[in-house]
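This report goes through one structure part by part, for a reader who has not seen it before. Please look at the sequence and the model first.

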Amino acid sequence: IPKGLRAYDELLEIALEIQADDVEETHDAFALYTSTAQLSSIKEALEKQGIQVKNAELMMYPTTTVAVDEDARKKLEKCARDLEALEDVQRVYTNLK
């Protein structure tokens with residue numbers, strides 16, 4: 001949701017009403033988080049309230065994260081980049097801290 005359309009507090013109130021899980025503010029937009037099952041209903045509820053949804057997509061977030069040393073981090077990040085470069089791969093997720 002682009003910034004400037006609504007204040008954070010107002011969007012947070014709306015998010016609670018429509019049962020979104022969380023609201024996060026970035027430098028140019030607000031992100032609402034919800035379960036996979038509620039994605040389309042949350043998007044529709046926002047649009048009914050006149051809120052433009054710039055992007056709605058499924059994302060994976062880890063429930064636990066793992067800390068690794070710098071050498072392992074570099075190797076894992078290279079592996080993730082190499083996987084993302086494959087034509088058949090749409091997105092790569094990790095649980096690195």
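This is a predicted model: local features need pLDDT of at least 70, side-chain atom pairs count only at pLDDT 80 or more; totals for chains, interfaces and linings use all residues.

In which helix does tyrosine 8 lie? Tyrosine 8 is part of helix H1.

## Tyrosine 8 and its surroundings

Leaving out residues up to four places away in sequence, tyrosine 8 touches Val23, Glu25 and Phe30. Tyrosine 8 counts as partly exposed, because its relative accessibility is 28%, whereas phenylalanine 30 counts as buried at 6% relative accessibility. From C-alpha to C-alpha, tyrosine 8 and phenylalanine 30 are 7.8 Å apart in space, while 22 residues separate them in sequence.

## Aromatic pairs

How many aromatic pairs does the structure hold? There are 2 of them. In the pair of tyrosine 8 and phenylalanine 30, the ring centres are 6.0 Å apart and the planes stand at 40 degrees, so this pair is tilted. Tyrosine 8 lies in helix H1 and phenylalanine 30 in strand S2, so the pair ties together parts that are 22 residues apart in sequence.

Another pair is made by tyrosine 33 and tyrosine 61, with ring centres 5.5 Å apart and planes at 85 degrees, so it is edge-to-face. The angle decides the term here, because planes over 60 degrees apart count as edge-to-face. This pair links distant parts of the chain: tyrosine 33 is in strand S2, and tyrosine 61 is in the loop between H2 and H3, 28 residues apart. At 24% relative accessibility, tyrosine 33 is partly exposed.

## The nonpolar core

The largest nonpolar core has 14 residues. Those with the most contacts inside this core are Ile1, Leu11, Ile18, Leu32, Ile42, Leu46 and Ile51. Helix H1 (8-17), S2 and H2 are the elements that give two or more residues to the core.

Which residues does isoleucine 42 contact, leaving aside its neighbours within four places in sequence? Isoleucine 42 is in contact with Ile18, Gln19, Ala20, Leu32 and Thr34. Among these, Ile18 and Leu32 are also listed with the most contacts inside the core.

## Glutamine 19

Glutamine 19, one of the contacts of isoleucine 42, lies in the loop between H1 and strand S1 (22-25). Glutamine 19 is not a glycine, yet its phi is positive, at about 70 degrees. Is glutamine 19 buried or exposed? Its relative accessible area is 53%, so glutamine 19 is exposed; the cut-off for this term is over 50%.

## The largest pocket

The largest pocket has a volume of about 660 Å³. It is lined by 24 residues, and the closest to its centre are Ala31, Leu32, Asn55, Ala56 and Glu57. Leu32 also belongs to the largest nonpolar core.

Strand S2 (30-33) and helix H2 (39-48) each supply at least two residues of the pocket lining. By type, the lining residues divide into 14 nonpolar, 5 polar and 5 charged.

Arginine 73 is found in helix H3, which covers residues 70-85. Is arginine 73 buried or exposed? Arginine 73 is buried, because its relative accessible area is 18% and buried means under 20%. Not counting residues up to four places away in sequence, arginine 73 touches Val68, Leu96 and Lys97. Arginine 73 and lysine 97 are 24 residues apart in sequence, and their C-alpha atoms are 9.5 Å apart in space.

Valine 68 is located in the loop between H2 and H3. With a relative accessible area of 28%, valine 68 is partly exposed. Apart from its neighbours within four places in sequence, valine 68 is in contact with Arg73, Leu76 and Leu96.

Note on methods: Residues are numbered from 1 along each chain as its sequence is written. Side-chain values use heavy atoms; hydrogens and water are left out. On a 1 Å grid over the protein atoms alone, a cavity is a set of points where a 1.4 Å probe fits but cannot get out, and a pocket is an open set with protein on both sides within 12 Å along at least five of seven lines; lining residues have an atom within 4 Å of a point. Grid points are joined across faces, edges and corners, and a volume is the space filled by probe spheres set on the points. Helices (H or I, at least four residues) and strands (E, at least two) are DSSP runs, numbered from the N terminus. Ala, Val, Leu, Ile, Met, Phe, Trp, Tyr, Cys and Pro count as nonpolar, Asp, Glu, Lys and Arg as charged, and the others, Gly among them, as polar. A nonpolar core is a set of buried Ala, Val, Leu, Ile, Met, Phe, Trp, Tyr and Cys residues joined through side-chain atoms within 4.5 Å. Buried means under 20% relative accessible area, exposed over 50%, partly exposed in between (1.4 Å probe, protein chains only). Contact means heavy atoms within 4.5 Å. Rings of Phe, Tyr and Trp (its six-membered ring) pair if their centres lie within 6.5 Å; planes under 30 degrees apart count as stacked, over 60 as edge-to-face and the rest as tilted.
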